[in-house]
Structure formats: structure tokens, C-alpha cells
Amino acid sequence: MKTAAVIAEYNPFHKGHEYLLRRIRKDSGADFIVVMMSGDFVQRGEPAVIDKYGRTRAALLGGADLVLELPAAAALGSAGDFAETAVRILDRLGVVDELWFGSETGDPDRLFPAAEVIALEPEPYGAVLRSALAEGLSYPAAQSRAALAVLRGSGRENRDAAGVPSAPNDLLATAYLASLIRAGSRIVPRSLKREGGDYHAVSGDHNASDGDDHAAGGAQAAWSAESIRMDLADGRFYRAAQALPEASAALITEEEDRNRLLFPDDFGDEVLYTIRRKSAEQLTAFAGVSPDLANRMKKLCFSCHSFSSFAEALKTKNVTRTRINRALFSALLGIRKGDAARSARTEAVRILGFRAGAERLIGAAAGRGGVMPVTGAKDMPRWYETDVFASNLCEAARAKKSGLPFHHEFAQNVIKL
């Protein structure tokens with residue numbers, strides 16, 4: 001029994017994701033494909049546009065066999081936290097043979113030297129990393145500079161410098177590789193080469209790649225989940241639907257008709273209330289909130305009246321909007337520093353859905369004893385209270401917008417196809 005895994009957000013599930021799952025099935029010869037998927041919030045620092053159960057159904061119809069939920073603390077974490085938690089849980093399942101991801105390089109071996117440096121942190125990695133961060137570089141860019149410095153110092157620059165990541169999906173791929181190294185995992189990394197437009201491009205026909213969409217890499221026509229979300233937010237529904245498989249388009253149609261699509265501004269009042277009620281010192285306990293950011297939050301929280309205006313006002317040259325978004329939603333959900341690392345050590349992982357026949361895979365994972373796949377929210381460890389709150393918060397927002405009844409997370413059923 002061979003199992004391949006993908007780490008994803010599917011926000012929303014589009015044709016590029018469907019293509020990737022088909023390619024994995026063909027190229028790996030896997031009997032099963034497991035998807036570790038973000039729940040109700042995603043790494044870009046936003047609520048998912050549709051709920052995790054709808055996205056799970058779309059993934060299963062699109063080729064996945066089993067969908068597991070990535071804990072919220074990791075889903076809203078940095079690329080390092082996102083990768084580390086997902087890889088650790090997949091490794092401890094004991095049934096995953098290969099981890100597939102998209103990258104601009106398309107070759108894990110070329111990225112491995114930099115990943116090894118990042119994982120092991122030899123001298124002078126730490127000093128260069130701290131210096132680069134002090135200059136205002138983003139953490140992934142600072143990691144790349146530090147890795148290059150180590151490779152140069154060891155005389156491996158000419159051979160390995162080409163593998164120092166700079167493009168967005170190479171950076172995430174390197175984070176996956178570093179996590180596999182730190183875990184001492186037997187999982188084999190496999191990559192498909194990303195093809196398509198520039199990461200930052202936004203195209204009406206969705207032919208741009210999307211670096212925040214971790215499973216899209218490898219699609220020959222790399223639709224942009226970001227541009228799809230922008231179309232949905234701006235009411236260009238029919239243009240967005242062109243980039244979606246039939247099942248995903250039907251789901252989006254239903255959710256749009258019922259006014260249940262979610263966006264960051266749907267949580268403006270809740271976020272601002274949270275910030276206004278906390279002291280700057282209390283805010284620094286939350287993931288991604290530095291003392292400087294906490295002070296700026298307190299300074300600006302009464303003069304802004306929406307999530308977007310508040311997050312934009314907090315943005316600086318050295319602190320990106322995505323990082324601001326993640327910090328604000330971490331504060332709202334009560335995600336504290338270290339919560340992502342704690343969730344990576346979990347003894348259980350939530351099953352969101354599976355296809356007929358995947359019971360054999362679930363049973364094999366349950367017998368390994370590392371991390372137990374469970375279907376019920378009530379059966380999860382105590383840390384999962386944060387994820388339940390996140391799900392209920394999103395469901396409450398959808399109920400408010402749509403006028404439809406609220407359904408508690410404990411009442412939600414696993415998706416079975």
C-alpha cells in the first residue's frame with residue numbers, strides 16, 4: 001500500500017489543484033492520496049472563503065482519498081510553522097510514503113543543501129539570519145541569505161547556490177524539506193515544477209500562479225486562487241467559476257447564492273473589539289505580535305473601523321500585510337506563541353472526509369500509534385478547543401450574513417463519498 005500526501009489550503013479548490021492530484025496519482029502510482037488541509041483560516045491570514053467541509057468535498061471529488069485538518073495555530077502561522085506542523089503530523093501517521101509539492105525549481109535535490117542548512121543551523125547561519133532580519137528582510141528571505149552564507153563558507157557555493165530558494169514556492173518547498181530533515185522522516189519529497197505567470201500577477205483568466213496556495217504548484221496552467229478570491233469578493237462570480245472544476249463551481253454557486261462566502265472584513269468588529277479590550281502587554285502573548293506591533297495596534301484601534309483599514313494602517317516597510325493579518329486573527333482566536341509547536345506534538349488529528357476504500361488507510365494509521373486519526377471534534381485533545389472556536393466563529397458569521405441557522409462544530413459530520 002503506497003500513500004502520497006499533499007499539504008494544501010484549497011481556498012478554493014480549482015482546476016490547478018485537480019490537475020496536481022491527477023499527476024500525483026499517475027506519477028507516484030499511489031494507492032491513496034492524503035491531503036493535510038487548513039481548516040477555517042489560512043496562512044495568508046484570512047478566513048477561508050467557504051467552510052472546510054465544502055472544501056473537503058471538493059478535494060475528495062477532485063481526486064483525494066482522505067482529508068485531514070491542519071491545526072489552526074499552524075494554518076495561521078508562518079511558513080515555517082505551517083510546514084513543520086503539517087510534516088510532523090504526516091510523519092507520525094506512519095503511513096505516508098511521499099510528500100508532493102509544487103516548486104519553481106521542480107527538483108527537491110537542488111533545494112536540499114539550503115534546506116539542510118536551515119534545518120541544522122550551523123555557523124554562521126544564526127548570526128547572518130539575525131542581521132538580515134534587522135535589515136528588514138522577510139524571514140524566508142533572511143533564511144535564504146543565511147543559507148547562502150553557510151554554503152559559501154563551506155566551499156559549496158558554486159555547486160549549491162542555485163538551490164538557495166528565492167521564489168515563493170521554492171521557499172515553501174525548502175521549509176518542507178527542512179521539516180522532513182528535522183523530523184528524521186522516512187517520507188520521500190517529490191516535486192512538480194510550477195509553470196505559469198508570476199506569483200504576484202493577478203489575471204482575470206486565472207493563469208497566474210499563487211504562492212499562498214500550497215497545493216497548486218505543478219499545474220501546467222497554474223490558476224491563481226488569489227485572483228479567484230478577488231473575483232468572488234468583487235462579484236465577478238461567473239469569471240471565477242471558469243477556473244473551478246464542476247463540483248467546486250457548484251459549491252461556490254450555492255454558497256454565493258446563500259450569501260455565505262467569508263472575507264476578512266466580515267470579522268472587523270470582532271477583531272477591533274479584541275484589540276481594544278487587551279493591553280499592549282497582553283497582546284504580545286499572541287502569535288506574531290511583537291511589542292512594537294502591539295503598541296501600534298493600541299494606538300490605531302479606535303481610529304479604524306474595518307479589518308482592512310486597520311490592517312493596512314498597521315503595515316510598515318518591514319512588516320507585511322499578510323503578517324499583520326495573521327497576527328490579528330491569532331489575537332482574535334487566542335492563538336499564543338508556541339501553540340503551533342504544541343499542535344505538532346498532538347496525539348490525534350481530525351478527519352474531515354474520506355472516500356470509500358480509505359478505511360484501510362485510516363485503520364493502518366490508527367494501528368501505528370504515533371497520531372490517531374479521529375472523526376469527531378469531541379474526541380480531539382484539549383488544544384482543539386481553539387479550532388472549534390474558529391469553526392464556530394466562521395459559522396456564526398455565515399449565519400449572520402445568510403440568515404440561515406447556526407450549526408455548532410460538534411454537530412458537523414465527516415464527509416464520506
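Mentor: What follows goes through the ring pairs, the nonpolar cores, the cavities and a few backbone details.

This is a predicted model, in which local features need pLDDT of at least 70 and side-chain atom pairs count only at pLDDT 80 or more, while totals for chains, interfaces and linings use all residues. Numbering runs from 1 along each chain as its sequence is written, and side-chain values use heavy atoms, with hydrogens and water left out.

Begin with the rings. The whole structure contains 8 aromatic pairs, where rings of Phe, Tyr and Trp (its six-membered ring) pair if their centres lie within 6.5 Å, and planes under 30 degrees apart count as stacked, over 60 as edge-to-face and the rest as tilted. One of these pairs is Tyr10 with Phe13: the centres lie 4.8 Å apart and the planes stand at 85 degrees, so this pair is edge-to-face. Tyr10 and Phe13 are both buried, buried meaning under 20% relative accessible area, exposed over 50% and partly exposed in between (1.4 Å probe, protein chains only).

Another pair is Phe41 with Phe329, which is tilted because the planes are at 50 degrees, with the ring centres 5.1 Å apart. This pair links distant parts of the chain, since Phe41 belongs to strand 3 (residues 41–42) and Phe329 to helix 17 (residues 321–333), 288 residues apart. Helices (H or I, at least four residues) and strands (E, at least two) are DSSP runs, numbered from the N terminus. Phe41 counts as buried because its relative accessibility is 3%, and Phe329 is buried as well, at 0%. Ring pairs also join Phe41 and Phe329 with Phe267 and Phe307 in a cluster.

Next come the nonpolar cores. The largest nonpolar core has 54 residues, and Ile7, Met36, Leu90, Leu99 and Tyr176 touch the most other members. Such a core is a set of buried Ala, Val, Leu, Ile, Met, Phe, Trp, Tyr and Cys residues joined through side-chain atoms within 4.5 Å. Leaving aside residues up to four places away in sequence, Met36 touches Val6, Ile7, Ala8, Leu68, Glu69, Leu70, Ala86, Ile89, Leu90 and Val349, contact meaning heavy atoms within 4.5 Å.

On a 1 Å grid over the protein atoms alone, a cavity is a set of points where a 1.4 Å probe fits but cannot get out, and lining residues have an atom within 4 Å of a point. Grid points are joined across faces, edges and corners, and the volume is the space filled by probe spheres set on the points.

The largest cavity has a volume of about 50 Å³. Phe41 lines this cavity together with Gly39, Asp40, Glu69, Leu70, Ala72, Ala75, Asp387, Ala390 and Ser391. At least two lining residues each come from strand 5 (66–70), helix 3 (72–75) and helix 20 (385–402), and helix 20 has the largest share, 3 residues. The lining divides into 5 nonpolar, 2 polar and 3 charged residues; Ala, Val, Leu, Ile, Met, Phe, Trp, Tyr, Cys and Pro count as nonpolar, Asp, Glu, Lys and Arg as charged, and the others, Gly among them, as polar.

The second largest cavity holds about 30 Å³ of space. Leu66, Leu68, Leu93, Val95, Leu361, Ile362, Ala365 and Pro373 form its lining. Strand 5 and helix 19 (359–366) are the elements that give two or more residues to this lining, with the largest share, 3 residues, coming from helix 19. By class there are 8 nonpolar residues in this lining, no polar and no charged.

Last, the backbone. Tyr10 sits in the loop between strand 1 and helix 1. Pro12 is in the loop between strand 1 (3–8) and helix 1 (15–28), and the peptide bond joining Asn11 and Pro12 is cis, with omega about 0 degrees. Another cis peptide bond, also with omega about 0 degrees, joins Glu123 and Pro124; Pro124 lies in the loop between helix 5 (108–120) and helix 6 (125–134).

Definitions and conventions:
On a 1 Å grid over the protein atoms alone, a cavity is a set of points where a 1.4 Å probe fits but cannot get out, and a pocket is an open set with protein on both sides within 12 Å along at least five of seven lines; lining residues have an atom within 4 Å of a point.
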